[in-house]
Structures are given as C-alpha cells and as structure tokens.
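Here is a quick tour of a few strands, a helix and some charged pairs. Have the structure open as you read.

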Amino acid sequence: MKKFTFAAIAAVAAVMISSCGNGTPKANLKSDIDTVSYAIGMAQTQGLKDYLVGRLGVDTAYIEEFVKGLNEGANAGDDKKKAAYYAGIQIGQQISGQMVKGINHELFGDDSTKTISLKNFMAGFVAGTTGKDGLMTVDSASVVAQNMMRSIKAKVLEKEFGPNKKAGEDFLKENAKKEGVVTLPSGVQYKVLVEGKGAIPADTSRVKVNYEGRTLEGKVFDSSYKRGQATDFRANQVIKGWTDALTHMPAGSTWEIYIPQELAYGERQQGADIKPFSMLIFKIELLEVDSKK
C-alpha cells in the first residue's frame with residue numbers, strides 16, 4: 001500500500017459537518033470496502049501524534065478538541081485548547097481532497113463511480129488518533145489495509161485484464177503436453193535448449209546471465225543480448241519464476257522458461273508491454289554461478 005503522509009500530500013476525504021458531525025463516527029463494517037476504509041483510516045494515524053506535537057504544537061491532553069477540529073476544518077489559534085481544536089481543522093482541511101482521490105485511483109483505477117467509505121475511513125482515523133474503541137490496532141490495520149487493498153485492486157483489474165490470465169493458463173496447459181517441456185512443482189515450465197554441466201545455483205548465489213523476455217504475443221520487452229552485456233544478480237532478487245528456474249538450472253545451460261502470471265508480476269503492470277496477469281516467456285543463458293558472494 002502506498003503511504004499517504006500529511007507532509008507529502010493532502011489527506012483522504014472531505015470531512016463535512018453535515019456528514020460526520022463533531023463527534024466520533026461509528027464504524028459499520030458490512031463489506032470489504034467498509035473494512036478497508038476503516039483499516040486505511042486507522043493506518044494513516046501512524047506518527048500522527050508526533051506530527052501534532054512536534055510540528056503543530058498540539059498538547060495531546062486536548063486530543064478530543066483536535067477531533068472536533070478535524071471534523072470541521074479551520075485555522076490554528078494560540079492557546080493550547082484552541083490550538084488542538086484548530087489543528088484538527090487544519091488536518092481536516094488537509095484530508096479534504098487529494099488522498100481520497102489517490103486511494104480511490106489506486107483501488108479502482110479510472111472508475112470514478114467507486115469510492116472508499118468516508119464514514120468508515122473517519123471512524124478508523126479517529127480511533128487511531130485517540131487510541132480509544134479501535135476495532136484493530138494501528139499496526140494490524142496497516143497489514144489489513146495492505147492485504148485488502150491488494151485483493152480489491154486485483155478484483156478490479158481482473159475485470160479488465162482477466163483475458164490475459166485465461167490466455168496464460170490455456171497456453172501453459174497445452175505447453176505442458178509438448179515434448180521436452182518440464183513443469184516444476186511451482187508451475188514454472190522450461191525447455192532445455194542447451195544442456196549445461198556446471199553448478200546449480202542456490203537462491204542466494206550470484207549468477208551471470210544473458211536473457212530475452214517476451215510476452216505471450218511475442219513482444220520482446222527486455223533483452224541483455226540487445227544491450228550487448230550480460231547481467232549479474234543474486235538468484236533471489238528477481239521474480240519468483242526466475243528464482244525457481246535458476247535454482248534448477250546447471251551453469252552453461254540455455255533454457256526457455258514459461259512463467260505463470262502469479263510467479264511473474266501478477267496484477268501489477270510493468271511498463272507499456274507487460275499488462276496485468278500476463279504470463280511471460282524467457283530465454284535464459286546461465287553463464288556463471290558464484291555461491292560465495
């Protein structure tokens with residue numbers, strides 16, 4: 001999940017008196033959107049008290065006044081009670097625009113008809129700020145928010161890019177039947193083009209390789225051959241499908257490997273050519289293995 005900080009950007013949702021009032025909103029977690037809204041709201045309070053005290057001069061004895069100000073929005077005053085109240089207003093103004101748009105865009109892309117629940121976001125935010133009546137801890141909220149945001153994003157993306165997923169699954173099913181194709185337990189498939197006799201890397205080994213990557217449609221999206229220079233890295237510093245193939249591959253080998261989308265980039269888009277849920281095909285030439293590095 002992207003970290004939306006107060007100092008970096010404006011926060012999550014317009015806090016209107018008519019919708020939230022001056023008190024603590026009550027959470028009502030009936031759906032995934034309700035739960036993720038609450039979790040995001042609470043997760044965003046990490047470091048908030050330090051920010052209030054250190055940056056805004058708020059006395060936390062008046063945190064309830066901050067909450068009132070948070071729900072109304074205005075400018076800071078001088079005495080501590082009013083400063084706390086107006087700090088809430090200031091944060092309320094900060095959370096009045098860009099972050100909710102940013103979160104909605106991250107979750108739902110360009111679909112402007114969908115939004116997180118403002119009510120549940122604010123319930124989580126206030127519970128995290130006051131430390132009272134939280135339905136989860138701030139740390140657990142961060143985990144819930146991250147996991148659920150990924151799940152919701154995947155569902156949204158699958159509606160648009162689901163055909164990529166099916167095309168990859170269909171290809172791998174048929175490819176597994178072809179002569180010379182080996183399927184590893186993970187689902188990665190490979191075909192030996194040149195059989196090597198050297199050392200097989202551990203996942204912590206440094207390896208030196210030449211490679212070419214292409215999509216199922218045959219579009220080459222990356223090639224060390226075109227750059228004219230082999231690359232080296234640790235075998236566990238790449239996508240899971242690569243790591244799985246490399247840790248079965250003797251040095252001196254050249255394989256064609258077929259990586260299921262979930263062991264490549266999954267729901268993430270990479271550049272212009274690798275769309276969400278795309279399986280990938282690589283030619284990998286394992287030149288060197290150094291297990292000491």
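## Charged pairs

At 38% relative accessibility, D170 counts as partly exposed, since the buried class stops at under 20% and the exposed class starts at over 50%. This is a predicted model, and in it D170 makes a salt bridge with K166, their closest N and O atoms sitting 2.8 Å apart. Both residues belong to helix α8, four residues apart, or about one turn of the helix.

The count of salt bridges comes to 12. Another of them joins K155 to D32, with 3.7 Å between the closest N and O atoms. K155 is in helix α8 (residues 138-175) and D32 in helix α2, so this pair ties together parts 123 residues apart in sequence. D32 is partly exposed, at 41% relative accessible area.

## Helix α2

Strands β1 (residues 181-183) and β2 (residues 189-194) pair antiparallel over three bridges, with V181 partnered by K191.

R214 forms a salt bridge with E256, closest N and O atoms 2.9 Å apart. That links R214 in strand β3 (residues 206-215) to E256 in strand β6, 42 residues apart. R214 is partly exposed at 22%, while E256 counts as buried at 16%.

Key: Residues numbered from 1 in each chain as written. Predicted model: local features only at pLDDT ≥ 70, side-chain atom pairs only at ≥ 80, totals over all residues. Heavy atoms only, no water. Pairing = 2+ DSSP bridges. Helix = DSSP H or I, 4+ residues; strand = E, 2+ residues; numbered from the N terminus. Salt bridge = Lys/Arg side-chain N within 4 Å of Asp/Glu carboxyl O. Buried < 20%, exposed > 50% of the residue type's maximum accessible area, 1.4 Å probe, protein only.
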